[in-house]
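Have the viewer open and follow along.

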Amino acid sequence: MTASYRTIATRLDGNVLSATFHAPPINLIGPEVVRDLVGLLKELSQPAAARVVVFDSADPDFFFPHVDLTKVPEYTAEAAKAGGPGDASLGMLFRRLSEIPAVTIAKLRGRARGAGSELLLACDMRFASRENAVLGQPEVGIGTPPGAGAIQHLTRLLGRGRALEAVLTSADFDAELAERYGWINRAVPDAELDAFVAGLAARMGNFPRDGLIAAKAAVNAISLPPPAVVRADAALFQQLVRGEAAQQRTAELFERGFQTRGRTELDLGDALGGLPAVD
């Protein structure tokens, strides 16, 4: 790796790259994170790039809690730099993450909700701390369906009923339930998670590059959603997140400490269930 990033610390160990997100105070996905991710994916698309990438977070409480809802136009403009104005969305940026030649592993501690969960879903594999991981899609509780891949990925992974449960309830899922539903590959005891993921990454990193790339491409051809539906989900999110209902709900959340380190963000699933009803 030759570039340095403001919100991603990288470390190369043989054929395995560790990429650790660090965007204080609580790792919101904003323009700086998206800008760095665009740059990192460009590097990882090069022929000599690492064979395996492990994504994790420097914040033990938050992998990515969700996007910064005060900066939707700004991070969308940064996402457009990955594919052009027609693909100005996190959904299409995350699809590019799914398509890079490197094998991508998400190592989850803390909360991955909204686009944070959708980034994990775009990775090839997801392993989570049994004691310290939470996943959720809070968008419907705010007033809009998910727009960066959750509907497509969760329906394929969980099946219709469980995908609807995850999306429509906007509830938090612990690692054990997420594993049982298929949201993640495995829930691993926290004390064993680092060694488990490192061993898995090193094992694949020693395999021939061409074999890894060909096998991943074949699975992607079967499992990834078409670009047109990713674009449609993104457009609907960007429309409804600006709507009256979503604006009213987010205003209530901000009054309760939304996007700050506190109980509302730590227990967002409960917080959404406690908001007053909206017609």
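**A guided walk through the model**

Asp 59 sits in the loop that links β3 (52–57) to β4 (62–64); helices (H or I, at least four residues) and strands (E, at least two) are DSSP runs, numbered from the N terminus. Before going further, note that this is a predicted model, in which local features need pLDDT of at least 70 and side-chain atom pairs count only at pLDDT 80 or more, while totals for chains, interfaces and linings use all residues. Residues are numbered from 1 along each chain as its sequence is written, and side-chain values use heavy atoms, with hydrogens and water left out.

Is Asp 59 buried or exposed? Asp 59 counts as buried because its relative accessibility is 9%; buried means under 20% relative accessible area, exposed over 50%, and partly exposed in between, with a 1.4 Å probe and protein chains only. Its side chain makes a polar contact of 2.4 Å with the side chain of Arg 261. A polar atom of the Asp 59 side chain also lies 3.3 Å from the backbone nitrogen of Phe 62. (A polar contact is a pair of N or O atoms within 3.5 Å; within protein, one must be able to donate a hydrogen and the other to accept it, and residues adjacent in sequence count only if both atoms are side-chain atoms.) Leaving aside residues up to four places away in sequence, Asp 59 touches Pro 25, Ile 26, Asn 27, Arg 109 and Arg 261, where contact means heavy atoms within 4.5 Å.

Two of those neighbours deserve a stop of their own. Pro 25 belongs to the loop between β2 (16–21) and α1, and a cis peptide bond, with omega of about 10°, joins Pro 24 to Pro 25. Asn 27 is in the loop between β2 and α1, and has a positive phi of about 60° although it is not a glycine. With a relative accessibility of 1%, Asn 27 counts as buried. Gln 259 is another non-glycine residue with a positive phi, near 65°. Gln 259 lies in the loop between α12 (244–255) and α13 (263–266) and is buried, at 11% relative accessible area.

Now turn to helix α2, which runs over residues 72–83. Its 12 residues reach 17 Å from first C-alpha to last, close to the 16 Å expected at 1.5 Å a residue; the expected span is 1.5 Å times one less than the number of residues. Val 72, Tyr 75, Thr 76, Glu 78, Ala 79 and Ala 80 are the buried residues of α2. An α-helix has 3.6 residues a turn, so residues three or four places apart point the same way. The buried residues of α2 pack against α1 (31–44), α3 (90–99) and α11 (227–240). Just past the helix, Gly 84 takes a positive phi of about 105°.

On a 1 Å grid over the protein atoms alone, a cavity is a set of points where a 1.4 Å probe fits but cannot get out, and a pocket is an open set with protein on both sides within 12 Å along at least five of seven lines; lining residues have an atom within 4 Å of a point. Grid points are joined across faces, edges and corners, and a volume is the space filled by probe spheres set on the points.

The largest cavity has a volume of about 220 Å³. Of its 22 lining residues, Val 67, Tyr 75, Ala 115, Glu 139 and Phe 237 lie nearest the centre. Helix α11 gives the most to this lining, with three residues. The second largest cavity holds about 80 Å³, and α3 gives the most to its lining, with four residues.

Finish at the largest pocket, with a volume of about 420 Å³. Among its 19 lining residues, Cys 123, Asp 124, Val 219, Asn 220 and Ser 223 are the closest to its centre. Helix α10 gives the most to the lining, with seven residues. Asn 220 is part of α10 and counts as buried, at 17% relative accessibility. Apart from residues up to four places away in sequence, Asn 220 touches Ser 98 and Glu 99.
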